[in-house]
Amino acid sequence: LLQSENAFVIEDKYPQAPVHLLVVSKEIINNINEAPPHLIAEMLELAKTAAKKFNIDQSGYRIVINTNKAGGQTVYHLHIHVLGGRNMQWPPG
């Protein structure tokens, strides 16, 4: 859907919101703990761009990065969830 030098955006296969996108690093990096700062910044900028493209930038959206087992990570390839299109609840569950 979108891409930058080091990351790309796809739709989540199992959406948890009307808009559920994934910003995925092109290089296989296990999680955010192993990611260099420039990549994290680039991926967050791409998340902002995706939110705008999918018209959730003004209404609001949630960015989630699950890290390691206790943090809910199930896929060990760095990615950012961008969720929107509905009111988000807190705590998330």
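How much space lies in the second largest pocket? About 200 Å³. This tour goes there first.

**Before you click**

The model is predicted, so to read it, note that local features need pLDDT of at least 70, side-chain atom pairs count only at pLDDT 80 or more, and totals for chains, interfaces and linings use all residues. Residues are numbered from 1 along each chain as its sequence is written, and side-chain values use heavy atoms, leaving out hydrogens and water.

**Stop 1: the second largest pocket**

Select Asp12, Leu22, Val24, Asn66, Gly72, Thr74, Val75, His77, His79 and His81. They line this pocket. A pocket is an open set of points on a 1 Å grid over the protein atoms alone, where a 1.4 Å probe fits, with protein on both sides within 12 Å along at least five of seven lines; lining residues have an atom within 4 Å of a point. Its volume is the space filled by probe spheres set on the points, which are joined across faces, edges and corners. Now colour the lining by class: 3 nonpolar, 6 polar and 1 charged. Here Ala, Val, Leu, Ile, Met, Phe, Trp, Tyr, Cys and Pro count as nonpolar, Asp, Glu, Lys and Arg as charged, and the others, Gly among them, as polar.

**Stop 2: the largest pocket**

Next, select Gln16, Arg62, Val64, Leu83 and Pro92. Of the 13 lining residues, these lie nearest the centre of the largest pocket. Its volume is about 380 Å³. Show strand 4 (61-64) and strand 5 (79-84). Each supplies at least two residues of the lining. Strands are DSSP runs of E, at least two residues; helices are runs of H or I, at least four; both are numbered from the N terminus.

**Stop 3: helix 1**

Go to Glu42, in helix 1 (residues 37-53). Glu42 is buried (under 20% relative accessible area; exposed is over 50%, partly exposed in between; 1.4 Å probe, protein chains only).

Lys48 is partly exposed at 44% relative accessibility, and Glu45 is partly exposed at 45%.

**Stop 4: a loop**

Finish at Ser59, in the loop between helix 1 and strand 4. Ser59 is exposed, at 62% relative accessible area.

Definitions and conventions:
Lys, Arg positive; Asp, Glu negative; His and termini not counted. Salt bridge = Lys/Arg side-chain N within 4 Å of Asp/Glu carboxyl O.
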